[in-house]
Amino acid sequence: MILYYIVLNCHTKYDDIMGYLIGIDIGATNLRIALTDEGGEIKKAYRQKTDAGRLVEQISEVLDGLPAFEKIGIASFGPLNYKKGMITNPPNINIKNLPIVDMLKKRYNVECSILNDCASSVVAEKTMGAGVGYENIAYVTLSSGIGCGVISNGKLLLGKEGNANEVGHYMVDPQGKVRCGCGSYGHWQAYSAGKYIPSYVSYLLQNDYKNDNSKLREEEITSESLFKLAPSDSVAMEIVERIGRINATMFANIVNTYDPEIISIGGSVALNNKDLVIKPIVEHTGDYVVNVMPKIVATPLGHDACLYGAIASMLHKDWMP
């Protein structure tokens with residue numbers, strides 16, 4: 001059932017700890033669940049591939065084997081309705097109108113809440129990551145999809161249903177060369193997110209580079225293969241550079257819209273390829289901004305930023321609007 005079991009802080013006995021909390025990070029690729037103490041320190045964490053068809057069952061199989069807990073905090077891909085506790089219609093995975101908060105509340109009779117994963121992550125950045133000491137923070141994930149969380153003047157921006165800052169759907173190409181998972185064309189994540197980079201690369205190979213030889217034609221195109229080949233393949237490198245410019249212009253939109261003091265970057269596409277993804281953002285975002293440039297850094301929370309966010313969102317309600 002559990003593909004990975006990670007002990008982050010080994011405790012084989014639970015008698016000495018009271019007030020357990022559960023943090024859940026629901027990603028399009030991975031589902032992460034953590035047991036924490038009342039201070040948010042992770043005692044045990046679990047990870048497995050996300051199964052959209054049995055998501056609540058996946059979570060319950062883990063939670064049923066844990067000691068009694070008092071709260072559940074969920075960080076999830078969007079869009080969602082945080083007031084109704086529902087994952088509505090995410091473009092990157094086949095889930096529709098899942099009332100996950102009510103389902104877990106009824107099963108475990110505990111407090112449960114849900115926030116967009118990036119909204120949760122920016123709270124984690126504020127309380128334990130790159131945003132400590134700042135009042136205006138943005139967190140951007142470049143992963144299977146693209147999202148953003150923003151704290152402005154010390155308050156978390158949510159919007160009417162919790163979907164503020166869905167920056168992955170910023171328009172970058174009005175001509176719409178490639179299609180986003182939401183069904184529209186020309187959105188940022190259709191060009192730069194891990195799930196959609198292969199479609200963009202295929203389009204470029206068939207059009208802009210149709211007469212060029214590239215090792216990209218010799219194997220299955222994935223985001224991983226693109227970044228792996230880039231240092232030794234001129235076409236792959238040009239495509240990476242094009243993606244870098246797209247990312248920089250979209251980060252400039254974030255700077256111009258939210259005026260943050262600092263932006264932290266997470267997500268597997270960025271964290272696994274820092275020199276090819278984060279470095280161009282740092283170097284070129286300033287070419288497109290009118291506001292004062294913020295500091296741009298990789299999240300110090302690593303791949304677990306959203307999991308820490310799920311926990312932080314339970315413990316730091318003062319950041320909520």
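Predicted model: local features only at pLDDT ≥ 70, side-chain atom pairs only at ≥ 80, totals over all residues.
S192 belongs to helix α4, which covers residues 189–192, and its side chain makes a polar contact of 2.9 Å with the side chain of N247. If we set aside the neighbours within four places in sequence, the residues in contact with S192 are I146, I197, I243, I246, N247 and V269.

Strand β9, residues 137–142, and strand β10, residues 146–152, are paired in the antiparallel sense over six bridges. They are part of an open sheet of five strands, whose order is β11-β10-β9-β12-β13 and whose pairing is mixed. At the edges stand β11 (155–156) and β13 (295–298), and because each has a single partner strand, one side of each is left without a neighbour in the sheet. Helix α9, residues 274–284, packs on this sheet and touches β9, β12 and β13, with its direction at about 170° to that of β13.

Finally, let us turn to the largest pocket, which has a volume of about 880 Å³. Its lining is made up of 46 residues, and T29, T141, S143, S144 and S268 are the ones that lie nearest its centre. Both β9 and β10 are among the elements that give two or more residues to this lining, and the others include β3, β4, α3 and α10.

Technical notes
Residues numbered from 1 in each chain as written. Heavy atoms only, no water. Pairing = 2+ DSSP bridges. Helix = DSSP H or I, 4+ residues; strand = E, 2+ residues; numbered from the N terminus. Contact = heavy atoms within 4.5 Å. Axes fitted to C-alpha atoms, helices over the stretch in contact; angles between N-to-C directions. Polar contact = N/O pair within 3.5 Å; in protein donor to acceptor, adjacent residues only side chain to side chain. 1 Å grid on protein atoms, 1.4 Å probe; cavity = no way out; pocket = protein on both sides within 12 Å on 5 of 7 lines; lining within 4 Å. Points joined across faces, edges and corners; volume = space filled by probe spheres on them.
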